[in-house]
Amino acid sequence: MSHANIHKDFPVLFTEQEIAHRTAEIGRQIDHDYQGKSVVLVGVLKGAAIFLADLSRRITIDCTFDFVAVSSYGKGQKTSGAVKMIKDLDQPIEGKNIIIVEDILDTGLTLCFLRSLFEQHKPCSMRIAALLDKPSRRLEKIEADYVGFKIPNHFVVGYGMDYAERFRNVPDIRLMPPGYPELH
Ligand code: IMP
């Protein structure tokens, strides 16, 4: 069954323009904070791919990309609690300035896991850029250094974020109606 266009009924939380505007502001902040330095943007697949693509084009300092993949949510809206590395870094980060780029900081389990793992590789510095922050859901003590928008406890899709792998290609960020049926 095709799920094309069903998101049209989901309410828009942030428009493409709002996201672009905020992303440009974060890019300017990063340029300011890392003047004369190089930075490695470490995207957390798959959700952060679109944010990283757009944010990186609003950064003018010397930068390279790397990506990791971790297991977080299954097919639905609930987290399993356990975080597992599925794809590791390609390049060593020792002595580098890294910015972990994430779509949503939710319970904090994913970023806590990555932060302690990366710390063992002795980067020169490590910061976190999260497009969305759901502070009310936090289980771990962790904050992002750069936050696009703080949001209440709603499940969202679009702009890289999925429900059962769908809706990542929706250009804006939309609220997933509660009790939405499982997709296959
Ligand atoms: P955390 O480990 O609970 O902080 O979860 C972070 C990950 O859960 C994010 O990178 C997303 O992939 C996923 N996630 C959390 N909330 C949402 C949501 O509202 N929509 C889609 N994915 C979400």
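1. Asp133, leaving aside its neighbours within four places in sequence, is in contact with Leu105, Arg138, Glu143, Val147, Phe149, Lys150 and Ile151; contact means heavy atoms within 4.5 Å. The residue belongs to strand β6 (residues 125–133), strands being DSSP runs of E of at least two residues and helices DSSP runs of H or I of at least four, numbered from the N terminus. Asp133 counts as buried at 0% relative accessibility, where buried means under 20% relative accessible area, exposed over 50% and partly exposed in between (1.4 Å probe, protein chains only).

2. On the basis of these points: this is a predicted model, in which local features need pLDDT of at least 70 and side-chain atom pairs count only at pLDDT 80 or more, while totals for chains, interfaces and linings use all residues. Residues are numbered from 1 along each chain as its sequence is written, and side-chain values use heavy atoms, with hydrogens and water left out.

3. Two packed helices are described by the angle between their axes and the distance between the axes. Helix α1 (residues 16–33) packs with helix α2 (residues 49–56) at an angle of about 60 degrees, and their axes are 9 Å apart. The axes are lines fitted to C-alpha atoms, for helices over the stretch in contact, and angles run from 0 to 180 degrees between N-to-C directions. The helices α1 and α2 are therefore oblique to each other; angles under 35 degrees count as roughly parallel, over 145 as roughly antiparallel, 65 to 115 as roughly perpendicular and the rest as oblique. The crossing of α1 and α2 is right-handed, that is, the near helix is turned clockwise from the far one by less than a right angle, anticlockwise being left-handed.

4. The contact between these helices brings Thr23, Ile26, Gly27 and Ile30 of α1 against Phe51, Asp54 and Leu55 of α2. By class, the residues of this contact comprise four nonpolar, two polar and one charged. Here Ala, Val, Leu, Ile, Met, Phe, Trp, Tyr, Cys and Pro count as nonpolar, Asp, Glu, Lys and Arg as charged, and the others, Gly among them, as polar.

5. Within α2, the buried residues are Phe51, Leu52, Leu55 and Ser56. Viewed down the axis of α2, its buried residues fall within an arc of 120 degrees, so they line one face of the helix; the arc is that of the directions from the helix axis to the C-beta atoms.

6. Most residues other than glycine have a negative phi, and most peptide bonds are trans. Leu45 and Lys46 are joined by a cis peptide bond, with omega about -10 degrees, and Lys46 is placed in the loop between β2 (38–45) and α2.

7. The loop between β8 (156–157) and β9 (173–175) contains Tyr159, whose phi is positive, near 50 degrees, in a residue other than glycine. Phe167 lies in the loop between β8 and β9 and has a positive phi of about 75 degrees although it is not a glycine. Tyr159 is buried, with a relative accessible area of 7%, and Phe167 is buried at 6%. Asn169 also lies in the loop between β8 and β9, but Asn169 is exposed, with a relative accessible area of 66%.

8. Two C-alpha separations may be noted. Asn169 and Val40 are 129 residues apart along the chain, and their C-alpha atoms are separated by 25 Å. Met176, in the segment after β9, counts as buried at 5% relative accessibility. Met176 and Asp31 are 145 residues apart in sequence and 34 Å apart in space, C-alpha to C-alpha.
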